[in-house]
Amino acid sequence: MRNIFRPSEFRRPKDLHETSWILSSFEGRARVVAGGTELLVHKPLDVDCLVGLSKLDLDYIRNGRAGITIGAGTTLVKIEESEALSVEPYRILREATRLLATPTIRNTATIGGNICNASPAVDLPPALMVLDAKVIISGLEGTREIPIADFFEGVKKTVLSDDEFMVEVKIPAFPENTGASFQKLRHHQTSIDIAIVNAAARLSFAGDTVKEAKVAMGSVAATPIYSKKAEEILKGKILDVDIVKRAAEAASGEAKPIDDIRASAGYRKRMVTVLVERALEESARRCGK
Amino acid sequence: MLYINIKVNGKEYELGVKPYETLLETLRDKLGLTGTKLGCGDGECGACTVNLNGKAVLSCLTLVAQTDEKEILTIEGLQNGAELHPIQESFVENSAIQCGYCTPGLVMSAKALLEENGDPTDENVREKIANNLCRCTGYEQPVRAILEAAKKIRGENDR
Amino acid sequence: MTDKLSVVGKSVTRFDAVDKVTGKAKYGIDLKVEGMLYGKILRSPYPHARVIKIDTRRAENHPRVRAVTTINDVPKITGAIGHLMTQEGRDHLYLHDNIVRFIGDPIAAVAADDLEAAQDALSLIHVEYEELPAVFDPVEAMKDGAPVIHTEDNNIAFHVLKEIGELDQGLEETDHVFEERYYTSKQKHATMEPTSSCVADYSQNGRLSVYSSTQRPHVSKLYLAKAFDLPVSKVRIIKPYTGGAFGGRDYLIHGLEIMCTSLSMKSGSPVKISFTREEDFIATEARHPFIIDLRFGVTDDGILKAMEMKCVMDVGGYGAHAAGVMTNALTKGVLIYKCPNITFEGHSVYTNKALCGAYRGYGNPQINFAIESLMDQIAEKLGIDAVELRLKNYRGLNELDPLSGQRIESDGMTECIEKAAEKFDWIGREKRKVANGTKRTGTGMCCLIHHSGGRFAIPDPAAATVMFNSDGSVNLVTAAADEGQGNRTVLAQIAAETLGLDYEQVSISSEPDTDMTPFDSGTHGSRQTYAGGIAVKRAAEKAKDKLLDLAAQHLEARKDDLRIGDGFIFHVDNPSINILVSDLLTALQFEDLSKGIQVMGTSTGVAPAVPTIYGANFAEVEVDMATGEVRILKFVCAFDVGKAINPAHVEGQIIGGEVTGMGYALTEGLITKDGKIMNPNFGDYRMLRACDVPKIDAIIVESPEPSGPFGAKGVGEATNAGTAAVIANAIYDAVGVRIEDLPLSQEKILHSL
C-alpha cells in the first residue's frame, strides 16, 4: 500500500458514459476531480486514477419554470454572482457560498465538490436541504435522482457507487411568501474557517400561518440533518417568539454533535439553538413577517 | 506522463506532466518560476496564488493537467520589461513588503481583483485577499498599496 | 541637530523591495545548487521513547538514495548560546542521544536524487523503540516521581528567584491584595516560508558551506564548527532571503542543519532539506505556554507596594531558551512598575511536547497579559481610571533599573499613553458604549515595556564595516540578518546619514555571509536598529574620520576645518579650498602609486545599554452575548521608539506585531493531545486574515535614547506584548467576564457569561 498520494493516471472523459466506464474500471480507486481544492488538501492514498470532468460541460445555472438546475461542475464564484439565485428563497445559496472558504478558493471549487466531499461541516448541503434540492447522479445504468439529504451516508461517505458521479443539483420552484436564511458560526467569524455549526431554515406562509417549514443543520452529526421536530412545531402556527424558541430548542435536542478540537459538543448544541432561532427569524422577516 | 499545452506569462509550453503534479510544482520545478511560493500546500496561505485565465487561483490546489489549453500569469509575467506593473510599483512605494514571501501571491490576488473591479473599497480589497496570509505586515500597508494601485491604474485609463 | 537629518527619519524604499515584488528574490526554499540532493527527515511517532535499533539497509539500497544518517551518526552538542561562547551549559541538546522526547523529534534522514525518492526511502527505515512513560503537564512534570526527560534528576530546565525589597512587608503595608492565576497558549511563529530550508555543502575544499535562513549567521557558524569539530574558519553560513522569522530562526533549527550537514558529509554532495508546513508546526519552536500566579498589593490610592509573580513555563522536549525566555519575563515583569517589593520566581520545565523557543516578545506577551489584566482589575476595584493607574506606577525617566543598575535614560510612556488615549477618545468611551440585541461593546487599555538587545544577559556584540569606493559610493558590510523587518535598509540609512551621503550611495547586499562579515550576534531582541545601528555609525564615523585625515593632508588644511557635503570635502571658512570626494578617493586608491589606500572603517563591540521601549494599546470590541464571538472595532496604539529611522518600517512593525498579538489573544494556539499536535495546518490553526482585523492606528513616539544611533531604540518585539491584555480588558468592559486563559475563545467567553 502506498503511503503517499501518487495516482498513476489522469483522464478527461468526453461524455457521461465514458466517465462512468472509467470510474467503474478502477473499482473504487478512481476519483473525480473538479476544482481540486478538496482532493489536493486531503491527498487520498487509495487513488490510482484522477478523472477530470472539464469536457462534460457541467458548469451552468439554468432557471426554468420548475425551478433551478445547477451543473455539478459550477464554480462557487458563479453561484455567488448568479442573477437567477438572487431572489428569495434561492439567495441563501449565494449567501452560504459567500461564507464558504475564500474568494480565491471559490474561483475553482465547485458545488459538486462541496457536496460530494461529504464533510459533516460543509455549508451548501444544509442550505440545499431546506430548498428541497435533489441531486442527479450518473452511472453505467443511466441517471438517478435523489433528495440531497439522502445523498450522505456518513462522514466522507455518500450513496455513490464506484461507477457513479454527480452531474446536477435541482431545486424546485417555491410559492410566494417563502423566505429562507442560512447562518454559520465560525471562530470569532474569521474568514476561511469551516463551520463550528451551521443552520438553514425555510418558511412558506399562507397568510400568517406557516404552511411549510424546513430546518437543517450541519456539523452536528455525521451528516447534515433536518430537524423534523422543529418543523412539526412550526407547521400550521402563527409565528411568535415563543414558537421560534421552542423550534430552535427542538433542533438543538436533535443535534448530536461531538467534541473535537474546534468546539465542544455542549457549545455546539447551545449554538444550534442560537443559529436556528436566527435563521427562523430571518426567514420570517424575509417574507415580511 | 501526460502531455499538455499551457501558456505561461505569454509563452507557450508543451509539457509532459504527472497526473498528480500541481501547477505550483510545474511552475517552480519545471519552469524555474520560483517567484510563486510554497507556503502550506493546503490552499490556506495563498503564497502560491497565480492568475488562471484572469482569475486568482491557488496553484498548489490546481492539478496542472487541468490547466491544459489555459493561460497562466505569474508574478514574473507582470512586469513590462524593466518597468514594474502599477501594483508592484505601489507595493514598493507604500512599504507593503516586509519579508516578501507572501508578496507575489498578494500581488496576483490584487491583479485579478483590479481586473474585475477598478475601484474597490477597503472592504472589497480585504475580502479578496482573504486567502493571502501575511505574518509580517498586519495587512494595513498591503491594503493601502492595492487601493493606491487602483488609483494609478484608473489614472492611466483616463489618459 | 535633528532638523538637519536628511536620510534618517525618511521612509526610504527598502533596498530589496523590487527583488521581492518581482519574484526575483531567492529564498532558502528556492535555492538550487549544482549537484544538489534532496533530504527528508524521519521523525519519532512517540512522545518519549528509547531508540533500540535503527535499520537503514533497505533505504540505503533504494536506487536513488545517496546517503542515510541517523542519530547514531550525527554529533551531539549541548549548550545554550551564552554558554557556547564562554562555557559549557546543559540547557539544550541539539541533536539527541538515543532518546526521543517529543512527537516529531528527528531520528534519521535520507538524501536522494529527488524528493519523491527521499520520501519513499523514509518508509524503508525500520526503527525499534522502547516506549517510555511520558509527561505532558509542566506542573505534573515538576513533581517527584515524574518521568525524567533529560539526564538530570528532575525536569527543571531552569529556576530563578529574584527578590527585591521585602514582599511580605510590602503586602502588609498595602490596603488591598489581588490574586489571580493566568494561563497562556502555545503560539506558533507560522512564518510564511516554513521555518526550514537549508543547503549544506561539504563537497569542496574541506569547508562546510551552509545556506541557512538563520537570524544569527555567526552563532550558527559557531555551533556547526563545534558540532562537527571543524575550525570555526572552515564553516561558512550564507543567509538567503528569509520569509519571516520572529525568533523561530534563532540558533539552528532543531535537527535541520546538523542532519543536513551529516548527509552532505556522507554523500559528498550538497544536500537540501526543506520542511513541510506540517513539519514546521510539529517540530520547530513555538511560544512557551506559561502558568502565572500573581499577587499584588496596592494602597487605596492605587500605588503598588508589593508584586509577587510565580511562573511555570512549559519548555517542551528541548530548551534552547529555557533560561532566556524566563529571564526576559522576569525583567519585563520587574521593570514595568516601580514597586519597591517584588518577588519573581520562575520554573522552566521539560515536558514531552514539541519544543518551544524564542518568539517575538520572548516571555513578555505572557507576563504582560497577566500583569495588565490584573492592573485592570485593580483599577476597577479601586475606582481609579485605568490610564491613571498606569501613569501613577510605571517606572520612567531617571528611575533606577534594579536589575542592571542602569538609570533609565529615555521615557516615552506618558506620551504613548496620552497620545493614544486622545486618538482613541478614551474620555468619550462610556458614551460610545452600545447594547444592540445580543451585542455589547466595551473598551480597554494596557501598557507595556520592552528592551533593545541583550547587552547584560548574553554576549551580544555587533559589528559593521563601511568601505568607500573610488567614486564616493559606499559598501556597508554587516551580518545583520533581515528577515523582513527592514533592518539592513535602516542600517544603510544610518551609514548614509553619518557620512553625509544620499541613501542611494550606500549599498548593502541582501545576503549576510560569515566569510565577508565580522562577528555579529545577529537579529534578536529588537537589537539591530539600536546595537547594529551603533556599530554602523561607529564604523561610518571611523571611515569618515580617516577620509578627513587624508583630505586634510591633501588640501593642506586642518582636519577640524573640513566638512563633507554635496560630494565635496571643503574648508568651512573658505569653500574654494575643496576637492570632490570621488577625486580624492580615486587619487588615494589608484592614482597615487605610492598609496593604494581604500578608505574604510570597522567597528566591533557592544552597545552601551539596553534602552527601554514603551508602548500603550487601546481597543474597542463588540461581544455577542449569544455566541461569545468577539470583533475588534477599533485599535489605537503608540510606541516610543526613540527615533524612527524609517517611519514606514516602524509603522509596519507595529501593525504587523499587533495583528499577531490579536491572533494570540483570540484564535491562535497549538492544541496538543497526548503529545500530539492536533492542528498542524492553517485551517485549524487560525491566523487572522485581512478581513478579520480592524484598521489599526499606529502612533510613533520619539523620546530619544542618548546612546542610540540618532536617538533610536528598537521596536519589533514590543509590538505584540500587550495585545492580549488590551483585548481581554475590553471584553471585560463589554460583558463583565474576565478570561484568564488564552486564547480568549468564544466558547470560553460564552461559558463564563
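Predicted model: local features only at pLDDT ≥ 70, side-chain atom pairs only at ≥ 80, totals over all residues.
Guide: Contact here means heavy atoms within 4.5 Å.

Visitor: Start with helices. At what angle do α18 and α19 of chain C pack?

Guide: Read the angle together with the distance between axes. Helix α18(C) spans residues 647-666, and α19(C) spans residues 723-735. Their angle is about 55°, and their axes lie 8 Å apart. Angles between 35 and 65 degrees fall in the oblique class, so α18(C) is oblique to α19(C).

Visitor: Is their crossing left-handed or right-handed?

Guide: Right-handed: that is how α18(C) passes α19(C).

Visitor: Which residues of α18(C) and α19(C) meet?

Guide: Look at each side in turn. From α18(C) come Gly657(C), Glu658(C), Gly661(C), Met662(C), Tyr664(C), Ala665(C) and Leu666(C). From α19(C) come Thr723(C), Ala724(C) and Ile727(C). Sorted by class, this contact has 6 nonpolar, 3 polar and 1 charged residues.

Visitor: Now another pair. How do α15 and α16 of chain C pack?

Guide: Helix α15(C) covers residues 487-499, and α16(C) covers residues 528-555. The angle is about 35°, with axes 9 Å apart. The crossing of α15(C) and α16(C) is right-handed.

Visitor: Which residues build the contact of α15(C) with α16(C)?

Guide: On α15(C), they include Val490(C), Leu491(C), Ile494(C) and Ala495(C). On α16(C), Gly532(C), Gly533(C), Val536(C) and Ala540(C) are among them. Lys537(C), Glu541(C) and Lys544(C) of α16(C) also take part. The contact divides into 7 nonpolar, 6 polar and 3 charged residues.

Visitor: On to interfaces. What area is buried between chain A and chain B?

Guide: Interface size is often quoted as the accessible area lost when the parts come together. For chain A and chain B, that area is about 2100 Å². Carbon and sulfur atoms give 59% of it. In chain A, Phe10(A), Leu40(A) and Thr104(A) lose the most area to chain B, together 28% of what that side buries. As for contacts, 29 residues of chain A touch 26 residues of chain B.

Visitor: How many salt bridges cross the interface of chain A and chain B?

Guide: The rule finds 3. One salt bridge joins the side chains of Arg12(A) and Asp68(B), at 2.6 Å from N to O.

Visitor: How much do chain C and chain B bury between them?

Guide: About 3800 Å², with 55% of it on carbon and sulfur atoms. The contact takes 54 residues from chain C and 46 from chain B. In chain C, Val21(C), Met192(C) and Arg689(C) lose the most area to chain B. Together they make up 19% of what that side buries. Between chain C and chain B the count is 6 salt bridges. Glu668(C) forms a salt bridge with Arg135(B), where the closest N and O atoms are 2.7 Å apart.

Visitor: Last, the backbone. Which residues does a cis peptide bond join in chain A?

Guide: Check omega. Glu88(A) and Pro89(A) are joined by a cis bond, with omega about -5°. Pro89(A) sits in the loop between α3 (76-81) and α4 (91-98) of chain A. Chain C has a cis bond from Leu742(C) to Pro743(C), with omega near -5°. Pro743(C) lies in the loop between α19 and α20 (746-752) of chain C.

Visitor: And phi: what is its value at Lys43(A)?

Guide: Positive, about 40°, although Lys43(A) is not a glycine. Find Lys43(A) in the loop between α2 (39-42) and β3 (49-52) of chain A.

Conventions
Residues numbered from 1 in each chain as written. Chains lettered and ligands numbered in written order. Heavy atoms only, no water. Axes fitted to C-alpha atoms, helices over the stretch in contact; angles between N-to-C directions. Helix = DSSP H or I, 4+ residues; strand = E, 2+ residues; numbered from the N terminus. Parallel < 35°, antiparallel > 145°, perpendicular 65-115°, else oblique. Left-handed = near helix turned anticlockwise from the far one by under 90°. Nonpolar A, V, L, I, M, F, W, Y, C, P; charged D, E, K, R; others polar. Buried area = accessible area lost by both parts, 1.4 Å probe. Salt bridge = Lys/Arg side-chain N within 4 Å of Asp/Glu carboxyl O.
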